[in-house]
Amino acid sequence: MAETKLLHSYNYFLFFITSISLLTICCPQATYNDDQQWMEEKFDGDINIVQTRGFLRNKSCDLSSGKWVFDKSYPLYDSSSCPYMSTRFSCQPNGRPDIDYEKWRWKPFGCSIPRFNALDFLGRMRRKRIMLVGDSITRNQWESLVCLIQAVIPQDRKTVMYEGPTMAFHAKDFDTTIEFCWAPFLVALKEGGNKERILHLDSIEENAKYWRGVDVLVFDSAHWWMHIGRWSSWEFFMEGRSIMTNLNPMVAYEIGLTTWAKWVDLNLNPQDTRIIFRSISPRHNRESGWKCNNQREPLKFFNYQQSLLYLQDITRMSVLRLDGHPSIYTREVKRGRGNKRIKQPIKYYYSDCSHWCLPGVPDIWNEMLNAVL
């Protein structure tokens, strides 16, 4: 048992090192205002996946190494038919004129990712809970997964429920629940007596109490740790009784992720719970977020600095998809007489190069998740 726990802790250490290395490909400018809206917004109708080769039946296949292939049979669903999709991800109704970004699938060099089949997925996940834990990009993927399966379920046999920071889609006939838990730091962010925001690096139970009893847990924590300076989500760090103001955020991230790893080791049985930690979703935020505007196809190549440790991720595949972000298409199109679109001056737009249009890139993350599971 001790050897097993030591192995688990070592795996989480590898996850941490990889996450840190992946941060280097992202631009330091954070889209704080956009993420803040997600935190405060009422859910209305946020994996890059990191996993070892051991998750795969074909151990010689690296799902993260491949190329984007144009496939006219994609997307896997119509955005207009999914009532669970947020407005900011619905790029077509928001006026995006092109559709090619929906038709790219990921082809690993050494194997193939099975096309997502909703009934097959639900059959394998019968009587199971799947939870995605993280920020607004994790919710982006949660909405993708729900949209991938909801069309095969009769209207009166599916529900969405809310509890605290969680939301859960339930397929009644399969007794399958797909959940999202808002926990961008994994550890607890609390308000002090003077309304100051304190990030408690060694406190996690406030969030973790929602993770118990889940069959598949997909974790993500990266972007909010990069919100520094005026974009910061905290005023102080706290560990034990020590309050710190000048701690390097990456050192704080290591402490916080160590707290998470210890909790997982002490509270989850890998025989009962599948645990996946995903790598960072790349931002293309150069030029104040306008780098992804008017992009129509994936990049051919990106100089990606991979960790010396071999772990699978979706960062390499996603960093090529400069074309897949909502950009300026995050709001419903305003219309006037005769349902004619009212074109707003460009100064009224904000370009989101962090999240992803749906259908789009997160659907491929979920096809990879499906292959892993």
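Modeller: Residues are numbered from 1 along each chain as its sequence is written. In this predicted model, local features need pLDDT of at least 70 and side-chain atom pairs count only at pLDDT 80 or more, while totals for chains, interfaces and linings use all residues; side-chain values use heavy atoms, with hydrogens and water left out.

Colleague: What makes cysteine 82 and cysteine 147 a disulfide?

Modeller: A disulfide is a pair of cysteine sulfur atoms within 2.5 Å. The S to S distance of cysteine 82 and cysteine 147 is 2.0 Å, and the pair is therefore counted as one. The structure holds three disulfides.

Colleague: Which parts of the chain does this pair link?

Modeller: Cysteine 82 is in the loop between β1 (66-70) and β2 (104-108), and cysteine 147 is in helix α4 (residues 136-150), 65 residues apart. Helices (H or I, at least four residues) and strands (E, at least two) are DSSP runs, numbered from the N terminus.

Colleague: Why is cysteine 82 called buried?

Modeller: Buried means under 20% relative accessible area, exposed over 50%, and partly exposed in between (1.4 Å probe, protein chains only). Cysteine 82 has 6% relative accessibility and therefore counts as buried. Cysteine 147, at 1%, counts as buried too.

Colleague: Why is the disulfide of cysteine 292 and cysteine 353 called left-handed?

Modeller: The torsion about its S-S bond is about -85°, so the disulfide is left-handed. The sulfur atoms of cysteine 292 and cysteine 353 are 2.1 Å apart. The pair links the loop between β12 (274-277) and α7 to the loop between α7 and α8, 61 residues apart.

Colleague: How do you know that cysteine 91 and cysteine 357 are joined?

Modeller: Their S to S distance is 1.9 Å, which lies within the limit for a disulfide. Cysteine 91 is in the loop between β1 and β2, and cysteine 357 is in the loop between α7 (315-318) and α8 (361-372), 266 residues apart. Cysteine 91 is buried, with a relative accessible area of 0%.

Colleague: What makes α8 largely enclosed by the rest of the structure?

Modeller: Of the 12 residues of α8, 11 are buried, so the helix is largely enclosed. Among the buried residues are Trp365, Met368 and Leu369.

Colleague: Why are α4 and α8 called roughly perpendicular?

Modeller: Their axes come within 9 Å and cross at roughly 75°. Angles under 35 degrees count as roughly parallel, over 145 as roughly antiparallel, 65 to 115 as roughly perpendicular and the rest as oblique. The two helices are therefore roughly perpendicular to each other. Axes are lines fitted to C-alpha atoms, for helices over the stretch in contact, with angles from 0 to 180 degrees between N-to-C directions.

Colleague: Why is arginine 127 called exposed?

Modeller: Arginine 127 has a relative accessible area of 61%, and is therefore exposed. Its phi is near 60°, a positive value in a residue other than glycine.

Colleague: Is serine 327 buried or exposed?

Modeller: At 3% relative accessibility, serine 327 counts as buried. Serine 327 lies in the loop between α7 and α8 and has a positive phi of about 55°.
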